[in-house]
Amino acid sequence: YTINTNSNGVATLIIHAADPGNPRGYIDGQVYGLAYQLGAQPPTVGQISNPSQILNFLVFNAYAVPENPTWIRDMYPIFLQYAQLYPVMRRIVDLSNFSSVMQHIQILKNVFSVPMTNPNYMPVTRDLSKAKQQMIVKWLNNPIYMDLGDRNQLMMALQTAIELEHATIPVYLTALYSIKPNANTEAAALIRSVVIEEMLHMALVCNILISIGGSPAIGQPGFIPNYPGALPGGVRPDLVVELKRATIEHIRDCFLSIEMPEEMLKERLRKLSPRHGTTPTSNYTIGWFYDQIAQSLATLSGIPVADGGINFGNPDKQLSTWKETGKIYVVTSLQDAIKAINEIKAQGEGSATTPTDGDAEFAHYYKFSEIVEGRKLVKTATGWAYTGPVIPFDLAGVYPMIDNPSRVNYPAGSRAALLSAEFAETYQALLNALNTTFNGTPNNIKTAIGTMYSLALIADQLMQTPSGLQPGTNAGPQFVIPVPAA
């Protein structure tokens, strides 16, 4: 293309661009370079390397600002990218966490609204189209988590719930694996029972999603969270979840925090942050999250499918048998879905006043409390008390596993590195088996169960293998997507 200057040496070039379609994926738009040179002949491709002879254009994706933007559909995909690109910001605000964003919403309103010349301007907004910036400001002025009447957003929330239930399993499994054979048997049995029930919760959410026509996605990149890190779903910004060996301190500080009953947690947050009073920033608990899903299920079940509502069905694709504690529900009605959600909430946290769930088992919070208190929880004349038989816990019966092994680089070629890679591959095989199970082949659960046993055998070897890093520490499992061989 050739253009001529006017008598003042100025040329006007008009550039037209179509929607690039987000080829970079992880960030908005695409950058294009246009090389030029003086003379009658245009430069050939690759001929120009001098940056002063290349015009760069940032072409943004086409984007229509929604009338009512929501966190789960519109905000989270954008904010998650920036949370990952700029992890240093998490010390101030975790953009990937809904509750953290809500706690800092006034600051965010300011930095996303001021012009570029303002010193409080947020530089990362230069990477966003004007339309997306408008959407963010619009949402910040009316922060909605999800549209309860939107079928697609309900499916997104259920997928997040699957990831949330899964996120606790590596935490509890790591502690369970760290307990030596025939040591701390009662504590190990309690932790194992919680792991089994978390697997049930994951299965129940999968059944709900399948029943309304969705397809659970298990094991894809991003499914396994980073440890240490926050829980999926944008809940509990006060909690950092870590992979550590079983100790009273870890069970008290991490496990009890994850499973804390909703009313108990709200009271604790009010005491820690009295200035918040009863404002919504203290209400974004796991129980609140499931209440949003239940409300959406109820709303959409009253709308014809042709108008964007839901039907419940697909029983042949759902898991229907469960031989451990708890009850699996094949979801064919709203009532079944609500029963499944109530099973999850009751087993997980119970309540501040009732330690048992509907199956006469203690809720997870109280099971872990028995380990911390060192005694069984028993019924008394005035309520419940940790005055039952002693539950001993001896730290000598726990392997000295290195903290957060998912972030550890073991010495190349070492036994720890080889076993760690084998564990990651086997865990991926487990997730793949579960993905097959919940995508039309429920009988494949037998394969998943068999893989679980293989996983435990590898973990046992890992726990007895020196890490090769910090003196006196052993290796531990890495819950990560395996890195392909070069």
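The model is predicted, so local features need pLDDT of at least 70 and side-chain atom pairs count only at pLDDT 80 or more, while totals for chains, interfaces and linings use all residues. Residues are numbered from 1 along each chain as its sequence is written, and side-chain values use heavy atoms, leaving out hydrogens and water.

**Overall build**

- The protein chain has 13 helices and four strands. Both are DSSP runs numbered from the N terminus: helices are H or I with at least four residues, strands are E with at least two.
- The C-alpha trace spans about 100 × 60 × 50 Å along its principal axes.
- Of the 486 residues, 48% are buried. Buried means under 20% relative accessible area, exposed means over 50%, and partly exposed lies in between (1.4 Å probe, protein chains only).
- Contacts are heavy atoms within 4.5 Å. Among contacts between residues at least 6 apart in sequence, 67% join residues at least 24 apart.
- The chain exposes about 23,500 Å², and carbon and sulfur atoms supply 54% of it. Accessible areas come from the Shrake-Rupley method with a 1.4 Å probe; for residues, only the protein chains shown count as cover.

**Aromatic pairs**

- The structure holds 21 aromatic pairs. Rings of Phe, Tyr and Trp (its six-membered ring) pair if their centres lie within 6.5 Å; planes under 30 degrees apart count as stacked, over 60 as edge-to-face and the rest as tilted.
- F98 and W139 pair edge-to-face, at 6.3 Å centre to centre with 70 degrees between the planes. This pair links distant parts of the chain: F98 sits in helix α2 (residues 98-103) and W139 in helix α4 (residues 130-140), 41 residues apart. Both F98 and W139 are buried.
- The ring centres of F423 and Y427 are 6.5 Å apart and their planes lie at 5 degrees, so this pair is stacked. Both residues belong to helix α12 (residues 415-437), four residues apart, about one turn of the helix.
- F423 is buried at 0% relative accessible area. Y427 also counts as buried, at 2% relative accessibility.
- Ring pairs join W71, Y76, F79, F98, F112, W139, Y145, W288, F289 and Y290 into a cluster.

**Charge over a ring**

- K132 places its charged end over the ring of Y63, 5.5 Å from the ring centre. The criterion is NZ of Lys or CZ of Arg within 6 Å of the ring centre and within 35 degrees of the ring normal.

**Cysteines**

- The whole structure contains zero disulfides, a disulfide being a pair of cysteine sulfur atoms within 2.5 Å.
- C206 counts as buried at 0% relative accessibility. C254 counts as buried at 4%.
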